[in-house]
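Me: I have a structure open here that I have not looked at before. Could you walk me through it while I ask things as they come up?
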Amino acid sequence: MIFESLAERLQNTFKKLKGKGKLDEKDVDEAMREVRVALLEADVNYKVVKDFVKKVKERAIGAEVLGSLTPGQQVIKIVNDELTELMGGTQSKITISSKPPTVVMLVGLQGAGKTTTVGKLGNQLRKQGRRPLLVAADVYRPAAIKQLKVLGEQLNIPVFSLGDKTNPVDIAKAAVEHAKSYGNDMVLIDTAGRLHINEELMEELKNIKESVKPHEILFVMDATTGQDAVNVAKTFDEQLGIDGVIITKLDGDTRGGAALSVKAVTGKPIKFVGMGEKLDALEPFFPDRMASRILGMGDVLSLIEKAQSTLDANKARELQQKIKSQDYNLEDFLEQMRQVRKMGPLDQILGMLPGMGNLKQLKDVQVDEKEMLHIEAIIQSMTPEERRNPSIIKDSRKKRIAKGSGTKVSDVNKLLKQFDQTKKMMKQMMGMEKMLKKRKGGG
Ligand code: GDP
């Protein structure tokens, strides 16, 4: 899970503070020492850590005690504010030119995820009603052009290529002209990378920049390479000038140091994060939401947005009704499993719930395709009464169901446990949705 170790350490530190009625300087010092170690272990740039801890400490010690918060909660709030600030404060979107096409150039080292991200970004923009053109200007990595063409075909988005014998500057120029004639309002240029920064690469990128004057140059960086990636970002910014950062492979990054340092080190905001290999696994980056995820306060807003964009609205409403009326049964569970699986890996989804960030036991809720078939078979082997009222499923029924579905009694038990946990979780989510609505002043 993203930021797993950092989240766990910070949450443990704050658990100790939460209960205290009064905090003296020693308590704050002790907590800040732990925060410092946690951030350094997460591979955050040491200078960034130093400034961060200093700021939090100053604010914590000088802070007026707010009536509604305990001193411990107040420290957590300050850390939350400062983490948000560290990652850029507010969401930073890409600039859309008033005179189309908007030209966006993706740059970065080889393997960072540029080509994949060009596809993901195109996919996202098209969903917003735009008409992107993907441009294959990576003539250096042998398979890059083919890869982009395959992505374009999968997504049904046009790809502009002149093969690998043409100069990338000419490709980029021709692509912008092509977009003008064909009404593409976004031009996304996939540029070449290298294993390391070198002069030839920088020259090539500068020349493309000079000739097509992109509205945005986005640096694509692999989160799992930590501080190295941050240093590369800095060099790209100094030599080429970047407008923002896309962090890829955040799904595989348990530390988070790159994401936490890059804004402070380069001054350039993170605009998107890649959360998986699939073409819909690109998310806009919200510093405040990410901060509360790290602190285990969940990211209910992202979760609800995700649910709204992937789930079938009618089915979701039906389910909601059922949960409210306590009617929720195993058939609904099956339907819901199918729906939720469309949202993405379950551990990512659970990580967005407050307090669920590091609930290890929820890992056994994880299901793969094969288990899904088991679950279907087990539920189908039940009588309608059993599905409606699973509490009547005792030993002899379990044996019969296991036999009928070609599974084991332990599988039936596991499913029943998942059902219970899901039911609880759904109640919790509904409670939160109500709370959010209230906060917004709605119904
Ligand atoms: P390029 O050389 O910069 O164009 O890199 P590619 O686009 O070919 O990506 C390199 C590898 O990283 C590929 O295997 C991608 O599937 C993978 N990748 C890219 N973005 C992500 C991401 O957000 N998460 C994960 N898990 N893998 C990613």
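Me: How do the axes of helix α9 and helix α10 cross, and within what distance do they come?
Reply: The axes of helix α9 (residues 226–239) and helix α10 (residues 257–266) come within 9 Å and cross at roughly 25 degrees. An axis here is a line fitted to C-alpha atoms, for helices over the stretch in contact, and angles run from 0 to 180 degrees between N-to-C directions. Helices (H or I, at least four residues) and strands (E, at least two) are DSSP runs, numbered from the N terminus. Please keep in mind that this is a predicted model, in which local features need pLDDT of at least 70 and side-chain atom pairs count only at pLDDT 80 or more, while totals for chains, interfaces and linings use all residues. Residues are numbered from 1 along each chain as its sequence is written.

Me: Are α9 and α10 roughly parallel or oblique to each other, then?
Reply: With that angle, α9 and α10 are therefore roughly parallel to each other; angles under 35 degrees count as roughly parallel, over 145 as roughly antiparallel, 65 to 115 as roughly perpendicular and the rest as oblique.

Me: Which residues of α9 and α10 meet?
Reply: Gly226, Gln227, Ala229, Val230, Ala233, Lys234 and Asp237 in α9 meet Gly257, Ala258, Ser261, Val262, Val265 and Thr266 in α10, where contact requires C-beta atoms, placed from the backbone, within 7 Å. By class, this contact of α9 with α10 has six nonpolar, five polar and two charged residues. In that scheme Ala, Val, Leu, Ile, Met, Phe, Trp, Tyr, Cys and Pro count as nonpolar, Asp, Glu, Lys and Arg as charged, and the others, Gly among them, as polar.

Me: Switching to the ligand, which residues come nearest?
Reply: Of the 20 residues around the ligand, Gly113, Lys114, Thr115, Thr116 and Gly274 come nearest, and a residue is near a molecule if its C-beta atom, placed from the backbone, lies within 6 Å of it. The shell divides into four nonpolar, eleven polar and five charged residues.

Me: Which helix gives the largest share of that shell?
Reply: Helix α5 (residues 114–127) does, with three residues.

Me: And how do the axes of α5 and α6 cross?
Reply: The axes of α5 and helix α6 (residues 144–155) come within 9 Å and cross at roughly 20 degrees, so α5 and α6 are roughly parallel to each other. The contact is made by Thr115, Val118, Gly119, Gly122 and Asn123 of α5 together with Ala144, Gln147, Leu148, Leu151 and Leu155 of α6. By class, that contact has five nonpolar, five polar and no charged residues.

Me: What about α4 and α11, at what angle do their axes cross?
Reply: Helix α4 (residues 71–86) and helix α11 (residues 287–294) have axes that come within 8 Å and cross at roughly 135 degrees, and α4 and α11 are therefore oblique to each other. On the α4 side the contact involves Asn80, Leu83 and Thr84, and on the α11 side Pro287, Asp288, Ala291, Ser292 and Ile294.

Note on methods: Two residues are in contact if their C-beta atoms, placed from the backbone, lie within 7 Å.
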